[in-house]
Amino acid sequence: SVDSRCAVGRPSPGKGPIDDRVRERGLEPITDFRLPKHRRFLANRSDARALAKMLQSDPADILHAHLDNAHGIARRARRLASLGPHRPLVVRSLYDSEAPRPTGWFRRLFGDATDGFFVFGDLPARGLMDGFGVPSDRVVKLQGAVDAGRFRPRARPLEGGGGGPRR
């Protein structure tokens, strides 16, 4: 059995856009954080402090981030928390078809303070290893969960007859 928790961002008080989806999966969303999609200095600092405090009172084994900003908050919270030997892993899922360009921001984000990555293809895996120097044992390639056959557009006849797929 795995004890999972899910923090969801809150741009303003009230119900969040994915609260019901989280509950459908048997979890109660943690709504104590803003977790903005993009970097916001004050909100991020507040979230990192609140997450560090939460980790001190209720430790976690893994902090899994899905977006760049949440990833930065998780790394900072782990650094701020006085956790002794119980230091959670910070892992990141990358959903793009390739790794981001190795800018200074991403070099810091993907550096030694990130313990592992989940990717969905060879190209992002290679980009992490070549562009950022991430060891191959820290990159896990997963199979996508989308049935591409369901989303294949139907071929339409060419105008004026001719029957083949339109390009």
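1. Start with strand β3. Among the elements, β3 gives the most to the lining of the largest pocket, with four residues. The model is a predicted one.

2. The pocket itself. The largest pocket holds about 1,200 Å³ of space. Its lining is made up of 36 residues. Nearest the centre lie R5, C6, A7, H64 and H66. Elements giving two or more residues to this lining are β1 (6-7), α2 (41-57), β3 (62-65) and α3 (68-80).

3. Of the residues lining the largest pocket, 26 are nonpolar. Four are polar and six are charged.

4. The largest nonpolar core. This core has 14 residues. L51, L55 and L63 touch the most other members. Both α2 and α3 supply at least two residues of the core. The largest share comes from α2, with four residues. As a general point, nonpolar side chains in soluble globular proteins tend to be buried together.

5. L63 deserves a look of its own. Where does L63 lie? It sits in strand β3. L63 is buried, because its relative accessible area is 10%, and the cut-off for buried is under 20%. Setting aside neighbours within four places in sequence, L63 is in contact with L55, A74, P88, L89, V90 and V91. For a spatial reference, take R78: L63 and R78 are 15 residues apart in sequence, and their C-alpha atoms are 8.9 Å apart.

6. Which residues of α5 (residues 122-132) are buried? They are P124, A125, L128, M129 and F132. Seen down the helix axis, the buried residues of α5 fall within an arc of 135 degrees, so they line one face of the helix. D122, L123 and D130 are exposed, on the other side of α5.

7. What covers the buried residues of α5? The cover includes α4 (104-109), β5 (116-119) and β6 (139-141). After α5 comes G133, and the phi of G133 is positive, near 70 degrees.

8. Points to check on screen. View β3 from the pocket side first: it gives four residues to the lining of the largest pocket, and it also holds L63.

Key. Residues numbered from 1 in each chain as written. Predicted model: local features only at pLDDT ≥ 70, side-chain atom pairs only at ≥ 80, totals over all residues. Heavy atoms only, no water. 1 Å grid on protein atoms, 1.4 Å probe; cavity = no way out; pocket = protein on both sides within 12 Å on 5 of 7 lines; lining within 4 Å. Points joined across faces, edges and corners; volume = space filled by probe spheres on them. Nonpolar A, V, L, I, M, F, W, Y, C, P; charged D, E, K, R; others polar. Core = buried A, V, L, I, M, F, W, Y, C linked by side-chain atoms within 4.5 Å. Buried < 20%, exposed > 50% of the residue type's maximum accessible area, 1.4 Å probe, protein only. Contact = heavy atoms within 4.5 Å. Arc of directions from axis to C-beta.
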